[in-house]
Amino acid sequence: MSSLKPQLRFETLAVHAGQKVDPATGAVVAPIHLSTTFERDIDGGYSRGYLYSRNHNPNRNALEEALAALEGGAAGAAFGSGLAAVTAVFQGLQPGDHVVAPKDIYHGTANVLKHLFAKWGVVFSFVDMTNLDATRAAIQPNTRILWVETPSNPLLQCTDIAALVEMCAGKNIRVIADNTFASPAVQNPLALGCDMVMHATTKYLGGRSDVLGGALVTRQADEHFEAVRTAQLFGGAVPSPFDCWLVMRSLSTLAYRMAAHCHNAGRVAAFLQSHPKVTAVHYPGLTDNPYHALAKRQMRAFGGMLSFEVQGGQPAAMGLAAKVALFTRATSLGGVESLIEHRASIEGPQSTTPQGLLRVSVGLEHADDLIDDLAQALDQV
């Protein structure tokens, strides 16, 4: 296949980016290259481009190429987990550098800052990033990264990406977005000016709850991305060839899976909003949601994640989760199956998440069946 045209639509890129017919056999589906090491040339070189699988691997190279194309970036780097990708970003900082991050943030990312990098002199501030004035006030002369998570985990708060990029312009601050909740099928932070975008490929990109991974895609292949590459190479937190192959297998259906996730989530959110035992529904697709207008402006759809709060606090929430039949009580998100979890108990005793909140990853079952299941569970709490 010849090189892809940049104007191709997302659905086409998802099928073809990074995919090449195997030159040795003509196989349409790429083989899995499990070899950890590669033969040198007679003169000691590596004219075929591969030395050792931690450095480069055909399956990982294909995945990185595909993800860069889907996000509209210059280059990508794949990792063994989403948090490995997060860690690689912060490894590019120096002692005394400052990070601004949202209060409503994936607790794993917060833990990377609090427990890994704080002891190395990296400082950070958690702010309500939906409040632009509060965010601006948090920026210091030593701020080097503004970390964005939109929609956020678990309250589905949306942050104005373009406004944050403008706020940081000319200040030597990189704006980096965690796009896991949205996926590149729904939102493209690089197109809104972000310097880098991060994904837990475990989630929607993998889409089957059967592979762990992470990735970073950069808008420009600059020195900051070279630092990411260095962390990838020297830190060694790379995905296996099989893991890369699994994610590549799923990318071709991403656009259509996300359309179904978003449709089902919208239906479930509307039902929950109408139920008398539900006190709040956090989903930007609801027209009365405070982030609806912003989400409509910077997203192509509203995503497959939502959270809701029930009367009666933790006992009621845990009781509801125990009575559903189609939703699995499990953490993670983005798979074909619907998941439900009591988020505060996952996050631990320091969690600020409401005790009556349940986070839901809406899967690909029929929306009416999911609604019926939630209805019968709510009737019992």
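**Strand pairing**

I started with β10 (residues 328-329), which pairs with β11 in the parallel sense over two bridges. Pairing here needs at least two bridges found by DSSP between the two strands. Strands are DSSP runs of E of at least two residues, helices are runs of H or I of at least four, and both are numbered from the N terminus. Before going on, I noted that this is a predicted model, where local features need pLDDT of at least 70, side-chain atom pairs count only at pLDDT 80 or more, and totals for chains, interfaces and linings use all residues. Residues are numbered from 1 along each chain as its sequence is written, and side-chain values use heavy atoms, with hydrogens and water left out.

On the other pairing of β11, I found β12 (residues 357-361) antiparallel to β11 over four bridges.

Which way do the β11 side chains point? L339 and E341 go one way, I340 and H342 go the other, and all are buried. Buried means under 20% relative accessible area, exposed means over 50%, and partly exposed is in between, using a 1.4 Å probe and protein chains only.

**Core packing**

Next I looked up the nonpolar cores, meaning sets of buried Ala, Val, Leu, Ile, Met, Phe, Trp, Tyr and Cys residues joined through side-chain atoms within 4.5 Å. The largest has 55 residues, and L63, L146, V148 and L251 have the most contacts inside it. α2 supplies the largest share of this core, six residues. Apart from it lies another core of 28 residues, including A101 and M196.

I then picked L63 and asked what it touches beyond its neighbours within four places in sequence. The list is A78, C244, V247, M248 and L251, with contact meaning heavy atoms within 4.5 Å.

That sent me to α8, whose buried residues are P241, C244, L246, V247, M248, S250 and L251. They pack against α1, α2 and α9 (254-274).

**Cavity**

Points are joined across faces, edges and corners, and volume is the space filled by probe spheres set on them.

The residues lining the largest cavity are L13, A14, V15, A17, Q19, A66, L70, M248 and L251. α1 (10-16), α2 (58-71) and α8 (241-251) each give two or more of its lining residues, and α1 gives the most, three. I count the lining by class as eight nonpolar, one polar and no charged; Ala, Val, Leu, Ile, Met, Phe, Trp, Tyr, Cys and Pro are nonpolar, Asp, Glu, Lys and Arg are charged, and the others, Gly among them, are polar.

The largest pocket holds about 530 Å³. Of its 28 lining residues, K103, I105, K114, Q350 and T352 are the closest to its centre. α4 (107-117) and β3 (123-127) each give two or more residues to this lining, and α4 gives the most, five. By class I have ten nonpolar, twelve polar and six charged.

The second largest pocket comes to about 430 Å³. G18, K20, A30, P58 and A62 are the closest to its centre, out of 20 lining residues. The largest share of this lining, five residues, comes from α2.

L156 has a positive phi of about 55 degrees and sits in the loop between β4 and α6.

Is L156 buried or exposed? L156 counts as buried, at 2% relative accessibility. S209 also has a positive phi, near 60 degrees, but S209 is partly exposed, with a relative accessible area of 45%.

Notes:
On a 1 Å grid over the protein atoms alone, a cavity is a set of points where a 1.4 Å probe fits but cannot get out, and a pocket is an open set with protein on both sides within 12 Å along at least five of seven lines; lining residues have an atom within 4 Å of a point.
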